[in-house]
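Good morning, everyone. Please have the sequence and the model open side by side. I'll take you through a few spots, one at a time.

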Amino acid sequence: MDTPQVDNRTLSKPFATGTGYGRKPSSYDTDLIETGPGTPMGEVFRRYWQPVALSREVRENPIPVNVMGEDLVVFRDKQGRPGLLHSRCCHRGTTLYYGRVEDQGIRCCYHGWLFDVEGRCLDMPCEKDNGASIRKNVRQPWYEVRELYGLIFAYMGPPEKRPELPRWSNLEDIKEGERLLTVGPVFASGADQTVSCIDCNWLQHWENTLDPFHVQVLHATFSSVQFVEEFGIMPTVEWKSDNLGVHYIAHRDLDDGRHVERVCCVWFPNTRSIPSVELKPGPGHNVSWVVPQDDQTCRSFGVFKVPEEFKMEGSELIPGKKWSEMTEEEHRRYPGDYEAQSGQGKITLHSEEHLAGSDGAIRLIRRGLRDQIKRVKNSYDPAGVSFNSDDALIKVFSGNYFSD
Ligand code: FES
Ligand SMILES: [Fe+2]
């Protein structure tokens, strides 16, 4: 079992005086951070299905979405088929955000070109014979989408490498009196559902998931108990890599004599399952995805298995107030996940970090992500993608497991 230890390799840099004067320019790790088209991490992300919208919100009006630096519109044609197209019309470039959804697709407002959900042009009303002879020469850039768990997932990678859309074991087993609740885009904890765009790079939000020690400080002892008092006990932690991702097991001996193992899992490149923050016993009932909008913002989509009668109301971060109701002074005095992560800046500066013993999982995550970059560069498939529907079930083992 690992306990936090000072890592002498990173903490013993010999600063002569320690003042800020004369430091080298700071920087971030571009390979890990950037997910735009053609970037190393962008190529990894584009080998997985990514959620881009909630199914229930995609109706007649096109919704603008930014995914990994690409400006897109998601819509549902009047036959009920979802579509995801580049927003910039391939004729002369106005946005399809102002388009009109019809039976067969979306019609651009400027000169009326009509595109179906796979980007085929079906009508050019300003051209001879409605463009019958030239329509086949254009295609609005599009991506394949599928609906699952109340989300619209998109595959934005090379078509010949498209994997099966995976299923998650804890979301498949719905018993009588239970249902799936799909939320997003929304901040995972602390902030309530008023935060739809997370104001920082995807990685600093995602890797927070595997930081068990901030739970003891930020969420339990720094200013207030934001979840449960038991988190105030400093855990001993083990962390492990497996073929698909990384997980930690945080051990706590509780005052009532019980022992709890809190298991939290992430899967490459951006998925996670967080056990109940109320320390409810048993397996974790959620899966969520941290999807980059661009390099400086991201969105989180989540699916929760909940009792039929459950209502999502947003928790109070301080007595009587949800996150969005707090004053600036209260945000300063009672910081939570949002403040800590956005406080790292839009993109945290890796050159200025000093990873310590308690950051073991952060090291494993970053190493694992770099491995995925290498795999894709060397023409291998990244971890966890499956081309066989029988294998495309990911076992979720997060949870709070108690023993006497
Ligand atoms: S710009 Fe879209 S039809 Fe002309
Ligand atoms: Fe947190």
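First, a term. When I say two residues touch, I mean that they have heavy atoms within 4.5 Å. And keep in mind that this is a predicted model.

Start at V228. Find the loop between α6 (212-221) and β13 (236-241); V228 lies there. What does V228 touch, leaving aside residues up to four places away in sequence? The answer is V277, E278 and L279. Take E278. In sequence, V228 and E278 are 50 residues apart. In space, their C-alpha atoms are 6.0 Å apart. Is V228 buried or exposed? The cut-off for buried is under 20% relative accessible area. V228 has 14%, so it counts as buried.

Next, the aromatic rings. A ring pair is described by the distance of the centres and the angle of the planes. The count here comes to 11 aromatic pairs. One of them joins F153 and W289. The ring centres are 5.3 Å apart, with 75° between the planes. That makes the pair edge-to-face. Where do the two partners sit? F153 is in strand β10, residues 151-155. W289 is in strand β18, residues 286-292. They are 136 residues apart, so this pair links distant parts of the chain. Both partners are buried: F153 has a relative accessible area of 3%, and W289 has 2%.

How many residues line it? There are 17. Nearest its centre lie N208, D211, H214, Q344 and D359. Three helices each supply at least two lining residues: α6, α8 (337-342) and α9 (360-377). What is the make-up of the lining? It divides into 5 nonpolar, 6 polar and 6 charged residues.

Last stop, a sheet. Strands of a sheet pair through backbone hydrogen bonds, either parallel or antiparallel. This one is an open sheet of 4 strands, in the order β5-β6-β7-β8, and the pairing is antiparallel. Which strands form the edges? They are β5 (100-101) and β8 (121-123), and each pairs on one side only. Look at β5 with β6, residues 106-107. These two pair over 2 bridges. Within that pairing, V101 stands opposite I106 in β6.

Conventions
Residues are numbered from 1 along each chain as its sequence is written. Chains are lettered from A and ligands numbered from 1 in the order in which they are written. This is a predicted model: local features need pLDDT of at least 70, side-chain atom pairs count only at pLDDT 80 or more; totals for chains, interfaces and linings use all residues. Side-chain values use heavy atoms; hydrogens and water are left out. Buried means under 20% relative accessible area, exposed over 50%, partly exposed in between (1.4 Å probe, protein chains only). Rings of Phe, Tyr and Trp (its six-membered ring) pair if their centres lie within 6.5 Å; planes under 30 degrees apart count as stacked, over 60 as edge-to-face and the rest as tilted. On a 1 Å grid over the protein atoms alone, a cavity is a set of points where a 1.4 Å probe fits but cannot get out, and a pocket is an open set with protein on both sides within 12 Å along at least five of seven lines; lining residues have an atom within 4 Å of a point. Ala, Val, Leu, Ile, Met, Phe, Trp, Tyr, Cys and Pro count as nonpolar, Asp, Glu, Lys and Arg as charged, and the others, Gly among them, as polar. Two strands pair if DSSP finds at least two bridges between them.
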